[in-house]
Amino acid sequence: MKLMWFHLMPYTELPDDFNKKHPSVWVDIHSSLFDPRRAHHMYNDFMDELEYAAEVGFDAVCVNEHHSNGYGLMPSPNLIASSLARRTTDTALCVMGNSLALYNPPTRVAEEFAMIDCISGGRLIAGFPVGSPMDTCYAYGQNPSLLRERYYEAHDLVKKAWTEKDTFAFSGRFNQQRYVNIWPRPIQNDPHPPIWIPGGGSVETWRWCAEMDYVYCYLSYYGYKAGLTTMQGFWNEMAKLGKDRNPYRAGFLQFVGVAESRQQALDLYTEPAEYFYGRCLHVDARFALPPGYTTEATQRAGIEGMMTKAANLANPATKAALKATNMKDIVDGGYVIIGSPDEVVEQIRHVASSLNVGHLMLLLQYGNMSKDTTKYNTRLFAEKVMPKVKDLFSDWEDKWWPKPMAKGQRAAVPAYRPPVDANNSVAAE
Amino acid sequence: MSDPKTETVELNGFPCRVWSKGNGPKLGFLAGLGGLPRWIPFLDELAKSRTVIAPSLPGYPGALGHTALDTHLDWVLAVRELLEKSGLTGADLVGASVGGSFAAEMAAIFPGQVKRLALIAPFGLYDDTDPAADPWAQRRDNVAGLMCADPARWQALVAQPEGANSIEWPIEMVRAAEAAARAFWPLGDTGLAKRLRLIEAPTLLLWGEKDAVLPPSYARKFAAGIKGRTRVETVADAGHLAYLDRPDAVANAVLAHLA
């Protein structure tokens, strides 16, 4: 199986009374809480952590896109990915992803992803989320009634821009371009970089992923117990459509905290987990459901009781009945897997097998976890957990993994060296 | 309260319900946020002396087809066609909230379409210095109080009637909100300010004094922009959908203007 290291890049210094004094971590979170000089250190710590994860052997590092969000400091994940392309060598770069309808024209995504693919020697995984209501409809002002149609059209345009050899005109419902001809082109051109779709629990998305042969990713913050219904729904739908149970058709997000013992794990990870589930998911309910964002088919399924849980779980602003913010409930609910290496191994094997998920995206940094603790969690996972779970699903071929240039053909990426000449350094104030 | 007559007209291949009731000269009504999930006392008041015709705009209760409308031009042409098919060409027109914005567009762009105009807190403008509330970013329990001075009036409008399909009814209510969002997201500003000077029809502007969505200052902006004769009246004890809060008072003001 593939073990992927995911960073949300949360702002780590939201005040203790944040939930009392502020209505939302997202959309209208107050600017006075953001200290750019502290963010300088956060960004650099986070990027160190991503590079470290690559160094200790994770199959991929993952970044994602959020806007006006106190737990996601990556409005442009592409900036981080391009830096990672230069600071890692063999690790896949999973950008999870670019919300297509937010880019005007959407060929911008085709271009930037092609750049990352070229710079990295063909290591890009291209994620195409619709985007959350908070990101798309509120922070970015997109019309919720038009968002999905714009998304699908943008997808068609990006894909055509990657695969069409000649300059073409695109006359869509929302996008008109006379001359589409992106430079650069992706290295992965057979036919294009792997496309992965993070989604909630809607049947339409599952069907679309099956039809397009894309990886479906369920990125909930509520762990494997809550995710079981959704993933079972996904596999049932695949069976109905005559698709095999190749676990690499799916991705799943899971928080983990590993230490020498369960008690030590509780000591280390309680504060960051409670920070995340308390402060970071404090989203004002008024940003939960812009009308039109949820399709009528999904609403219908929700009212009929089939999908309510899944649809709600994917959306932190609705939270459903899940509001656990103390460590006991967080762990009991399966939001965060904690324990000694062997205990974590057992749980990871259980998660992967029960959900049948070949791409496990791990959050080993969350909330206000420090760089030291994050690196400890990451190293211990890589050394003591990874070797004991890697064998899972070895019978299946991952047809949705990047196909980079041969190693010998790739550029040698120079490691960073601090300038020795004082004249070369940026002058301090 | 007797039932209105129900007809269905087709618009872009989708059905739109047209309700009518009463006798006398025709009077069109384009409803506000939420549309008309049921017949309301305000329309009965108007029907005492006029033939009231209330077509449902695409996506609002009784009508489909908002999904076919992408641009403001699409919407404006759809409303014009709907008025024609409802037999309202050249009639007096009353519009409220989102429907009020379209009523104003009709009078501006197709002057022959509208004889006299009454607007109840119409959408269409946005003023940075006196911002309108965001009707699409509300906690569920805040909506009724935002729409009406008396929240019970809104709740009565959208309450599921006995015998209604318990799955489709709530979806219809969301669809009405989506249809409004589709045309007016995110600020309610459709550029109508540029077209107000084209409105020559005598226009009554009614505003609930407790309108929590659109500030009363917007009434003055409409009045200042419209070329024809205008009159601004405030409705006491009424919110954004003043015709739900004070059906008699709003109907009387409208009928007096159209007399």
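In helix H9 of chain B (residues 247–258), the twelve residues should span 16 Å at 1.5 Å a residue, and the end C-alpha atoms are 16 Å apart, which agrees; the expected span is 1.5 Å times one less than the number of residues in the helix. Seen down the axis of H9(B), the buried residues fall within an arc of 160°, so they line one face of the helix, the arc being that of the directions from the helix axis to the C-beta atoms. These buried residues are Val250(B), Ala251(B), Ala253(B), Val254(B) and Leu258(B), whereas Asp248(B) and Ala256(B), on the other side of H9(B), are exposed. Here a residue is buried if 20 or more other C-beta atoms lie within 10 Å of its own, exposed if 12 or fewer, and partly exposed in between, with C-beta atoms placed from the backbone. Helices (H or I, at least four residues) and strands (E, at least two) are DSSP runs, numbered from the N terminus.

The model is a predicted one, in which local features need pLDDT of at least 70 and side-chain atom pairs count only at pLDDT 80 or more, while totals for chains, interfaces and linings use all residues. Residues are numbered from 1 along each chain as its sequence is written, and chains are lettered from A and ligands numbered from 1 in the order in which they are written.

Chain A holds 14 helices and eleven strands, and its C-alpha trace spans about 70 × 60 × 50 Å along the principal axes. A compact globule of 429 residues would have a radius of gyration near 22 Å, and chain A, with 21 Å, agrees; the radius is taken over C-alpha atoms, and the globule rule is 2.2 Å times the number of residues to the power 0.38. Of the 429 residues of this chain, 52% count as buried. Among contacts in chain A between residues at least 6 apart in sequence, 79% join residues at least 24 apart, a contact being a pair of residues whose C-beta atoms, placed from the backbone, lie within 7 Å.

Chain B holds nine helices and eight strands, and its C-alpha trace spans about 45 × 40 × 35 Å along the principal axes. For 259 residues a compact globule would have a radius of gyration near 18 Å, and the 16 Å of chain B agrees. Buried residues make up 53% of the 259 residues in chain B.

The largest nonpolar core has 213 residues, and those with the most contacts inside it are Met4(A), Trp5(A), Val61(A) and Leu93(A). Such a core is a set of buried Ala, Val, Leu, Ile, Met, Phe, Trp, Tyr and Cys residues joined through C-beta atoms within 7 Å. Helix H9 of chain A (residues 262–280) gives the most to this core, with eight residues. Beyond its neighbours within four places in sequence, Trp5(A) is in contact with residues including Leu50(A), Phe58(A), Val61(A) and Leu362(A).

Between the chains, 15 residues of chain B are in contact with 18 residues of chain A. On the side of chain B that touches chain A, the residues divide into ten nonpolar, one polar and four charged, where Ala, Val, Leu, Ile, Met, Phe, Trp, Tyr, Cys and Pro count as nonpolar, Asp, Glu, Lys and Arg as charged, and the others, Gly among them, as polar. Asp70(B), in the loop between strand S4 (51–55) and helix H2 (72–85) of chain B, touches Leu146(A) and Arg173(A), not counting residues up to four places away in sequence. With 16 other C-beta atoms within 10 Å, Asp70(B) is partly exposed.

In helix H7 of chain B (residues 217–225), the buried residues are Tyr218(B), Ala219(B) and Phe222(B). They cover an arc of only 105° around the axis, which puts them on the same side of H7(B), and they pack against strands S6 (114–120), S7 (203–208) and S8 (230–235) of chain B.

The peptide bond from Trp183(A) to Pro184(A) is cis, with omega near 0°, and the bond from Trp185(B) to Pro186(B) is cis, with omega near -5°. Met9(A), a residue other than glycine, has a positive phi near 60° and is buried, with 24 other C-beta atoms within 10 Å. Asp213(A), likewise not a glycine, has a positive phi of about 65°, and with 12 C-beta neighbours inside 10 Å it counts as exposed.

Definitions and conventions: Two residues are in contact if their C-beta atoms, placed from the backbone, lie within 7 Å.
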